[in-house]
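Please open the model in your viewer and keep the selection panel at hand. The stops below go from the contact between chains to single residues.

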There are 2 protein chains.
Amino acid sequence: MNGASSMMHTLVNNDVTVCFCNPGTSEISFVGGLDATDKMRGVLCLFEGVATGAADGYGRMKDWPAATLLHLGPGLGNGVANLHNARRAQTPVVNIVGDHATWHLKHDAPLTSDIEAIAGAVSGWYHYSGSARDLPGDTARAVQASLQPPGQVATLVLPSDAAWDPGRPPAGPATLAVPGAAPGAGGAPPAGRLEPAPQRSVPPERVTEIAKILAKGEEVVLLVGGRGFRAEGLRHAAAVGARTGVRVLGDRVNSRMERGAGRYDLVRIPYPVPQAIALLKGTRHMVLAGATIPVGFFGYPDQPSLTAPPDCEYHVLAESDEDVIGALSMLAEEISATPDPDRAGRYDPPALPTGEISIEKVWAAVANLMPEDTIVSDEAVTSGRSSQGQTAGARPHDWLNITGGSIGQGLPAALGAAIACPDRQVFAMESDGSAMYTLQGLWSMAREECQVLTIMFNNGAYRILQGELERLAPDATGHTSKAMLDLTQPDIDWVSLSQGMGVEASRANSCEELVDQMRSALTGRGPRFIEVMV
Amino acid sequence: MNGASSMMHTLVNNDVTVCFCNPGTSEISFVGGLDATDKMRGVLCLFEGVATGAADGYGRMKDWPAATLLHLGPGLGNGVANLHNARRAQTPVVNIVGDHATWHLKHDAPLTSDIEAIAGAVSGWYHYSGSARDLPGDTARAVQASLQPPGQVATLVLPSDAAWDPGRPPAGPATLAVPGAAPGAGGAPPAGRLEPAPQRSVPPERVTEIAKILAKGEEVVLLVGGRGFRAEGLRHAAAVGARTGVRVLGDRVNSRMERGAGRYDLVRIPYPVPQAIALLKGTRHMVLAGATIPVGFFGYPDQPSLTAPPDCEYHVLAESDEDVIGALSMLAEEISATPDPDRAGRYDPPALPTGEISIEKVWAAVANLMPEDTIVSDEAVTSGRSSQGQTAGARPHDWLNITGGSIGQGLPAALGAAIACPDRQVFAMESDGSAMYTLQGLWSMAREECQVLTIMFNNGAYRILQGELERLAPDATGHTSKAMLDLTQPDIDWVSLSQGMGVEASRANSCEELVDQMRSALTGRGPRFIEVMV
């Protein structure tokens, strides 16, 4: 058994059973190793940003990592943008980067580059596995590192000789119990299942202190983030809000929000800085439950970086690597708050739209037609501004946001979510500017027969930037600046692009066509693509 | 005038007149600044790898930099792969990366990341321009740095406040004459033109030493690299070879080779290590003229890293940052070698092919039909193995290779070359696996009406990796490993993809169709795309 095969068994022994691959020559032994077990699903991606974004989407849905396979520094570079999103989403990812044979590195062959430098910008854990001998243990440690609460990108560099040299027996989770212990000698992995390090409980006295702040009668915001966006966290947070009258708001950036009928919805801090400032006006205390201090997505010349008032005091109920849901539960118990079922979302979707297409009507159709347990990968950007209100009364569903601001995440995240949850419908809500970065994701959806319905809001522009240009460069009225934000000339034909990638596609020219096409997609098998011009 | 406008004037004052842009909010003032002068051409790219690859192609043709505009760390990440190729090609590139406002950075807003770490892996020069006050001088220095022989990627980080704050007058080239001098106060740039630092001449005694080695009567290879691939360098090298009988070979990796009728062709060291070893067998001395010691693209378990024999002695005639052409000329003069016009390439293209399509016939058609001064961007990979022989007798042309091994360079490089040389025909010779990484480049070709004819060899596979799998993992005969190298299921319809990007496309099912379609492309205006199934 060579190093690669042993690595593959080790991954499987640790329940890492999907690898989003974009291999090259230095990864060929790893590719061969995929055949070493029938429990590892290799998903070919035709661009590395698809692989890393899919691993992010998978990890968000499973709370367990998938692996990636990337080709040296340049391949890692192509994966950086979506690894950045995964970092901000605190998603567990085992990010495997192939490299030259150890003894080949010193010759500075053309593909040699500083992998560690690039990886450092996106990884919470980094390790260069220097030999086949170390590979099983290093692999198990990478899985464990990825699960370090709240979750992180663990990058493991795999030199090609470590993959092809004779390997040690695979490591299993039990070997991790004794740090530094040698892997079992018998080839059979130890029994058991790798458990992520438990999330630390918050100390009760901290909860008591927070309860006192809530009782002060001053303007308080309870800001929910991270795992707090799961249904249970939102229920406790809503109970606290109902009991005390404090406002419960949500971090803009979050990895997965459980929404819809039966769940407790909340308002997320809006993207535009003036709106965020208006929402937070008067806040004297902000209690952070897995959230970070609200900061504008960008700085603006006439706006502060922080969107809460300057005299706002911040109080941490739970850090993101602590047990956020537990902390919210403790707080609710401390103040004797119980969830009020009447405040839970009711199933009350908008009516099916008719007539001319508009952004709002598309969201109404989505809200009306989405099956229970749908996963929404939201990269609609400016076309998504009415999405939250429209879908609040839909069937229960999960919502995946862009976390790190790197566009090109929506299609890959939808791919990964569909692989993670094959029995659930996935919606990829896309915009033309964003989808273009990683449109190769469509091909992998077709190959894997993923149940993804992509709806493309095609507005022919970097619309969000047009607003920023008017605001930040009002004197720029020339042709060149306008052209840099315009996606027409030529028009992009997304139906043609999707079909070229093997995904059945159509354009909906009216709400009736949209509803028909969506129904067909939702009752059929495999991916579908619908373009609407907005 | 704000910082961005002053920067724009400074770029133009230094003859940087093209910017390949993929902007975001933090770059909006720069986008507005594009309107500050009608001498700056903004070329919108829908993915950063297109922008950086286009800057590489442009710089290779002009020996002068274009600028890029990228969006923070993730945008830079997307550009890394083609910046890596530019680094290996020693191409001058002014790589501008927008960043948060200086005072916004400390809040770790979602898009914040370690730009310097990522940039370090691909940049020969890096600078963070901290204020509008410093921006003109820093910009001029970035241009100068990019031109440091032999050429390099100069990354300048542009915080958004440096762009929108009131600026200083633009800097011109003359300010660079006195290091650290303040830019001129009058707003008008000083007269003159920035000159790159001269390439150092090699010392005559080194040439004399090399001449002695050539005279020894032992097996010598003169290995040409870098600027030595220009027609003049090849002519001198050929003269040396004819006079002394030493073999003249070429570095595999090179940025631009001047070939075809009237030029002196040479054999480049082949990609497969066994073939490279066979070619170099018996070599006792290797004289390096702008080339590096030949190393396998990858290491293999049963092959050495270096492809020349272990007892080969290496002798440097010229480092890549020295005057390689001058050194070859001095060497020719030292040994009284004059070019033999009879050894120059004759115009003797293959006949136009007929009948069934094959890879060799496609190259014959290219060689036959290419107009004088065509630029070939070669990313045909395995489909390109017969290209050199077939095209040696074509009209004079320039050949651009992948230098750093990062695929996804061909379409962007063709875009950049077409922008650099609008009066010349460009051929992008593509393969399906490679082109997929940066297919967005087609859209920019359509918008800019570039004279690029893309010919797509569609073999439905990562063919090069199929060979590596057979060799490196002969036991891997399972379904998963095979699937990772297969680009069918679903088939990719490149005609549809190209049309979706706005580039007129067709499939050629016979040589007659191919020739017809190529003639139509070559006589028409704007980009065209022809797919052949091989």
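Begin by selecting chain A and chain B together: in this predicted model, the area buried between chain B and chain A comes to about 7,600 Å², with carbon and sulfur atoms giving 66% of that area.

Next, turn to the polar side of the interface. Across the interface of chain B and chain A there are 44 residue pairs in polar contact, counting pairs with both residues at pLDDT 80 or more, and the rule finds four salt bridges between chain B and chain A. For a salt bridge to display, select A:Arg447 and B:Asp486, whose side chains meet with an N to O distance of 2.8 Å.

Now colour chain B by its secondary-structure elements.

The crossing of α1(B) and α6(B) is right-handed. To see the residues involved, show B:Gly3, B:Ala4, B:Ser6, B:Met7, B:Thr10 and B:Leu11 from α1(B), which meet B:Leu135, B:Pro136, B:Thr139, B:Ala140 and B:Val143 from α6(B). By class, the contact of α1(B) with α6(B) has seven nonpolar, four polar and no charged residues.

Over all chains the count of salt bridges comes to 44, and another one to visit is in chain A, where the side chains of A:Asp63 and A:Arg256 meet with an N to O distance of 3.6 Å. Because A:Asp63 lies in the loop between α3 (48-62) and β3 (67-71) of chain A, and A:Arg256 in the loop between β8 (247-250) and β9 (257-259) of chain A, the pair ties together parts that are 193 residues apart in sequence.

Finally, inspect the backbone at a few residues. In chain A, the peptide bond from A:Gln489 to A:Pro490 is cis, with omega near -5°, and A:Pro490 is found in the loop between α18 (479-483) and α19 (494-500) of chain A. Moving to chain B, the peptide bond from B:Gln489 to B:Pro490 is cis, with omega near -5°, and B:Pro490 sits in the loop between α18 and α19 of chain B. As a last stop, select A:Leu72, which has a positive phi of about 50° although it is not a glycine; A:Leu72 belongs to helix α4 (residues 72-89) of chain A.

Notes: Residues numbered from 1 in each chain as written. Chains lettered and ligands numbered in written order. Predicted model: local features only at pLDDT ≥ 70, side-chain atom pairs only at ≥ 80, totals over all residues. Heavy atoms only, no water. Buried area = accessible area lost by both parts, 1.4 Å probe. Polar contact = N/O pair within 3.5 Å; in protein donor to acceptor, adjacent residues only side chain to side chain. Left-handed = near helix turned anticlockwise from the far one by under 90°. Helix = DSSP H or I, 4+ residues; strand = E, 2+ residues; numbered from the N terminus. Contact = heavy atoms within 4.5 Å. Nonpolar A, V, L, I, M, F, W, Y, C, P; charged D, E, K, R; others polar.
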